[in-house]
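Student: Hi, I've got a model open and would like to talk it through. Could we start with how the strands are put together?

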Amino acid sequence: MSALDQPATASNVVTGSAVVCRGVTKEFGSGDSVVRALRGIDVDVEFGELTLLVGPSGCGKTTLISIIAGLLDPTEGEVEMLGQDRRNLTGRKLVQFRAENIGFVFQQYNLLPSLTAAENVAVPLLVRGQERLPSIQKAVEMLDAVGLGDRANSMPSQLSGGQQQRVAIARSLVNQPRLLVCDEPTAALDAKSGRNVMGLLRDVALSSNRAVIVVTHDNRVYDFGDRIVSMSDGRVECVEERPSNPHS
Ligand SMILES: Nc1ncnc2c1ncn2[C@@H]1O[C@H](COP(=O)(O)OP(=O)(O)OP(=O)(O)O)[C@@H](O)[C@H]1O
Ligand SMILES: [Mg+2]
């Protein structure tokens, strides 16, 4: 059984939505230079679904998913992540909650340049105190799942942009996070690799107690979404549900 196929365990099955945002705003800066990046967001991310977040550059997508993943505080509003009220998660508790439950693929991959691909993928396991050898083995399995099994010992500088992006995706999956948040995961990929990655993310989402949210500009991958949230100028403009997803 590969790392991806492991079933959800009964102990961590959660009912309800994976993420609930109500009246979420985010302002950067102050006074005359204030930027109102989010202007009152109400959105739900459901378990068992792949949610796509789309909209023009600068409309607030990265800001919103950073709040959803607990990397950024909202200015106002309520956020519930995996049944936890965001206000109750601060300091070390928030760091631990994120490490155990949330995977994040950054828009700029953020790989550690001095580590090999496999070591980069193993980082989330190593920081949780797991042993090196099984962590690296699991990391190689994940690299295999994204089509990079033969590049486990390459340094990031020896990989193309798309390959680095796939390493970052493997790293986000290695922990089997209940909530996976990806910022433009297919931006540097050709059509075939992009569809492979989206298929992989959708398999993760279909596990009953997991949820995946993907920011994308890439209309080649819209088909993979169960729900498409369109943003414009800091607001949610519309939500399209797609019960007849062809990949179901
Ligand atoms: N740290 C920051 N300080 C000041 N302004 C910021 C900061 N981060 C984001 N912004 C501003 O907030 C707005 C939303 O930015 P965000 O990065 O969320 O957009 P985006 O939808 O992800 O865009 P893109 O598609 O180009 O990645 C933009 O006007 C941006 O300039
Ligand atoms: Mg962005």
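Predicted model: local features only at pLDDT ≥ 70, side-chain atom pairs only at ≥ 80, totals over all residues.

Student: Thanks. How many bridges join strand 3 to strand 9?

Tutor: Four bridges join strand 3, residues 50-54, to strand 9, residues 227-232, and these strands run parallel.

Student: And which residue of strand 9 stands opposite leucine 53?

Tutor: That is valine 229.

Student: What's the order of the strands in the open sheet?

Tutor: The six strands come in the order 6-7-8-3-9-10, and the pairing is mixed. Strand 6 and strand 10 (235-241) are at the edges with a single partner strand each, so one side of each has no neighbour in the sheet. From one strand to the next, the twist averages 15 degrees.

Student: Which strands does helix 6 touch when it packs on the sheet?

Tutor: Helix 6 touches strand 3, strand 7 and strand 8 (211-215), and its direction makes about 145 degrees with that of strand 8.

Student: Switching to helix 5: is it mostly covered or mostly open?

Tutor: Mostly covered, as eleven of its 13 residues are buried. Among them are Arg166, Val167, Ile169 and Leu173.

Student: What do those buried residues of helix 5 pack against?

Tutor: They pack against strand 6 (102-105), strand 7 (179-183), helix 3 (117-126), helix 4 (132-145) and helix 6 (191-206).

Student: How far apart are the end C-alpha atoms of helix 5?

Tutor: They are 19 Å apart, which agrees with the 18 Å that 13 residues should span at 1.5 Å a residue.

Student: OK, ligand time. What surrounds ligand 1?

Tutor: Its shell includes Phe28, Val35, Lys61, Thr62, Thr63 and Gln107, along with Ser57, Gly58, Cys59 and Gly60. Strand 2 (35-46) and helix 1 (61-68) are the elements that give two or more residues, and helix 1 has the largest share, with three.

Student: How do the shell residues divide into nonpolar, polar and charged?

Tutor: Four are nonpolar, seven polar and one charged.

Student: Last one: where is glycine 23, and is it buried, exposed or partly exposed?

Tutor: Glycine 23 is in strand 1, residues 17-28. It counts as partly exposed because it has 14 C-beta neighbours inside 10 Å, whereas a buried residue needs 20 or more. Beyond its neighbours within four places in sequence, glycine 23 is in contact with Gly40, Asp42, Glu76, Gly77 and Glu78.

Definitions and conventions
Residues numbered from 1 in each chain as written. Chains lettered and ligands numbered in written order. Near = placed C-beta within 6 Å. Nonpolar A, V, L, I, M, F, W, Y, C, P; charged D, E, K, R; others polar. Expected span 1.5 Å × (residues − 1). Buried ≥ 20, exposed ≤ 12 C-beta atoms within 10 Å, placed from the backbone. Contact = placed C-beta atoms within 7 Å. Pairing = 2+ DSSP bridges. Axes fitted to C-alpha atoms, helices over the stretch in contact; angles between N-to-C directions.
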